[in-house]
Amino acid sequence: MSTQESYVTDDGRTIGPTVMEMKNITLRFGGVKAITDISFDIREGEIRAIIGPNGAGKSSMLNVISGFYVPQEGEVWYKGKKRPPMRPYQVAEQGIARTFQNIALFEGMTVLDNVMTGRLRKMNASLISQAIWRGKAEKEEIENREAVEKIIDFLEIQAIRKTPVGRLPYGLKKRVELARALAAEPSILLLDEPMAGMNVEEKEDMSRFILDMNDEFGTTIALIEHDMGVVMDLSDRVVVMDYGKKIGDGTPDEVRNNQAVIDAYLGVAHD
Amino acid sequence: MTHSVKHAPYEVRESFRRFWPVEAGSREDKNLGQSSQATGGLVSVPALLQRNATLYAEKAAYREKEFGIWQSWTWAETEKEVEALALGLINLGVNEGDFIAIIGRNRPYFYQSMVAVQSVGAVPVPVYNDSAAEEMEYILGHCGARFAIVEDQEQVDKIIDIQEHLHQFEHMIYIDPRGMRKYDHHSLHQYSHVQDQGRAAYDEFITDLQARREKLDYDSTCVMLYTSGTTGRPKGVVLSNRNIIESAKNASEFDTLTADEEILSYLPMAWVGDFIFSVGQAYWCGFCVNCPESPETMMTDLREIGPTYFFAPPRVFETQLTSVMIRMEDASKFKRKMFQRYMAHAKKVGGDILDGKPVSAMDRLKYKLGNFFVYGPLKDTLGLGRVRVGYTAGEAIGPEIFDFYRSLGINLKQLYGQTEATVFITVQPDGEVRADTVGVPAPDVEIKIADNGEIFYRSPGTFVEYYKNPESTASTKDAEGWVATGDAGFFEEKSGHLRIIDRAKDVGKMADGSMFAPKYVENKLKFYPDILEVVLFGNGKDRCVAFINIDLTAVGNWAERNNIAYASYQELAGHPRVLDTIQEHVETVNKSVAEDPMLSGCQVHRFLVLHKELDADDGEMTRTRKVRRVVVADKFKDLVDALYDGSSEVSTVTEVTYEDGRKGSISATLELRDAAVVSTANKVAAE
């Protein structure tokens, strides 16, 4: 299953073989089963969505991928290797970046500094070099600033470059968080409800950024989203979860016609 | 308030220039400009570029902030870039006489494109980048553009949508490739690729390019600009090299502009003013054009560049002033005190010092101190610290706003112009600047005033024609070259300055035959922040009456501070204290109108504050917020009648349209007020 052929989508993007695979994941908090025996894969270059009603276990799933939670059962395979239990920073080092449902930025720092933190893992000048600002530290700062400026340009946040994040409206904060995740040049980007609380126009902007990121940088994107319209438009394949179980998996069209999915969303009488 | 601006990459260059004999070059050029009446063979913009590339080779021609850094192009580099693009255009099959649409925000690439287009004998047609698809379709169809040079995916998509209606349209060149990798590239080209192909085909096309460039003369078309036009379809104004170069030369000499000016180009490229400042004058003088990083960063970029020559519509100055005032409210008590104290002094003597009028030594000293503590840092914060010549035009500017900037020592002036005149009709000379006039005729401009007050002009900048529209050309420009402006005005006898009163078609006559110019009075009233809109009536009557709309934000703020409770616009508009304030404003304006013998008949005798805001949804205004007089007069006929019959109260029911299209009605009882007017015969207040 993990060696699939690459194919080209209708809109001309190339989807590669599987890059990450979840095998029979089960996650328990005490007696509560948050995720029950879920398996799915993420292919290189695709936009993969995880949807489901509230409490379905979507965020838990994302946290498993990003190393926040270690599942009691099951395996995470990444780039053809089984991933041992890892700390989140180790996962980040492997090229997996994420944004949070509740924005987690440094409120007192400027947008620029916040985005720069996304590149910390790429800086390794010594403390002394950093302190006296000579040699490696200076060179690194310039290189990384250049990369960050490209992202600022890409996400069109030039005007707020020097603004402290605390002063920004919600929609822009979301964009800054995306910028920080993107600054890490991830191979997989995890987005936890990127459109939550946004108005239609902001959602359209965010959708365009997600598509452009995928197109320009070839970033593989896994996202959780409530807005069905957005999910169906953006994603190549969708996993549907309900009560911690996988109830559907496939292209947006397949999922839309899946009876279990319709029941989960519209409700069905329980005997 | 911060006291210094960081011009990091730039400060170096400035001081460098001061000690290095680069100056010599610009001096030479100035003489060259002044001595050669026929502009010495410099009869096209590409010819000016060649001169600048030799004369100012290493001097910056363009700067643009990108990726957080000011990137620059010297004149020599600019010439190479333009040539590469021109060769690329020939390679793509651009013919002489083709029209090429230029659609994007101010960027060096677009300015260079325009010159490249001219070099191959084609005509650049800059188009507003925010215009709707239908508008773009009309313009591209009307001029029959075969090519368009656009900024990014947004514009490409827009043109792809309308392309099937444009039969003659062939190729599109875009600058920013983002998001367009998957597009069909048969007729879509990336700007840098076109340049690369041009460079590769140098040997093949260079003789052709040189021949085309040499064919350009003073009468060949320099640019075609579509006027936005409040009525009907936009019209394509054809401007020749003569129009552009003569106008640029005259205006540059008028303000003694040199190659060392810095400007920030942020106004729409499709607007004639930007073409004159950022192309005409920039190429004539050889100064540097700076482009902001994005429209939103304009204020920051303004401060970083610190232009010496600056142009802005009144709106920009208003916004800046408001933000200064708000920030001062939040400043510490000490700073606020100092600001108030020195601003009061600036108000007293600042304008006079700028105009070179006699001011006592003590006041001068105090002003110098003020400059050190307040004015200097403030100008610096605004990004206007180095402005030597500043212009505002487009619409009337509030005298308070105008005086505020002048009192700080910023040489802000007004000019009056239009596309058909290649901008300049009148300008204010240094030292003769006033808020209520638009100055004296610009160099080489003749002006005459028709019997009905309409202003006519004739100048080297007078446009060639409206493209494919001989009827409009004939009705605007007569055989002798006089152009009707559509504005009414008169020359002040004492100063020789022109004053604009109104659109000629709105100017009427009072019953006694004196002039009725509604906008003149309305504008004076609208300068008060609590008045949003005014409609003056009186055409054919013996006296004038007015409808007034209050500004809910300003008056609401005032009500909050004075603990006046109100639930709606209507309630606030009818509050006696609001009416008192408005009455004071009306009476002050009456006094100032009365000072003008020609217009003293336009004083407001009675007024009312409307119970609803005039709204485009109700058809009372255009979408661009211009009042439709006829509609208003008709809809509120009962109120106009009541104002004339002397009653003190009137009840009325008005139909309104809600934003979702539903209709409803509001009823109100309005208080009508008399305002004191100044009798012109004996200058005594009469009731």
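The report below treats a pair of helices and then a pair of domains.

## Basis of the model

This is a predicted model, in which local features need pLDDT of at least 70, side-chain atom pairs count only at pLDDT 80 or more, and totals for chains, interfaces and linings use all residues. Residues are numbered from 1 along each chain as its sequence is written, while chains are lettered from A and ligands numbered from 1 in the order in which they are written.

## Two helices of chain B

Helix α14 (residues 333-354) and helix α15 (residues 361-382) of chain B pack with their axes 9 Å apart, at an angle of about 125°. Helices are DSSP runs of H or I with at least four residues, numbered from the N terminus. Axes are lines fitted to C-alpha atoms over the stretch in contact, and angles run from 0 to 180 degrees between N-to-C directions.

α14(B) and α15(B) are therefore oblique to each other; angles under 35 degrees count as roughly parallel, over 145 as roughly antiparallel, 65 to 115 as roughly perpendicular and the rest as oblique. Residues of α14(B), including Met338(B) and Phe339(B), meet residues of α15(B), including Asp363(B) and Arg364(B). Two residues are in contact if their C-beta atoms, placed from the backbone, lie within 7 Å.

## Two domains of chain A

Chain A is divided into domain 1 (1-95 + 187-271) and domain 2 (109-185), with bounds from an automatic or database domain assignment. The C-alpha centres of domain 1 and domain 2 of chain A lie 27 Å apart. Each of these domains of chain A gives 9 residues to the contact. On the side of domain 1 of chain A that touches domain 2 of chain A, α7(A) gives the most, with 3 residues.
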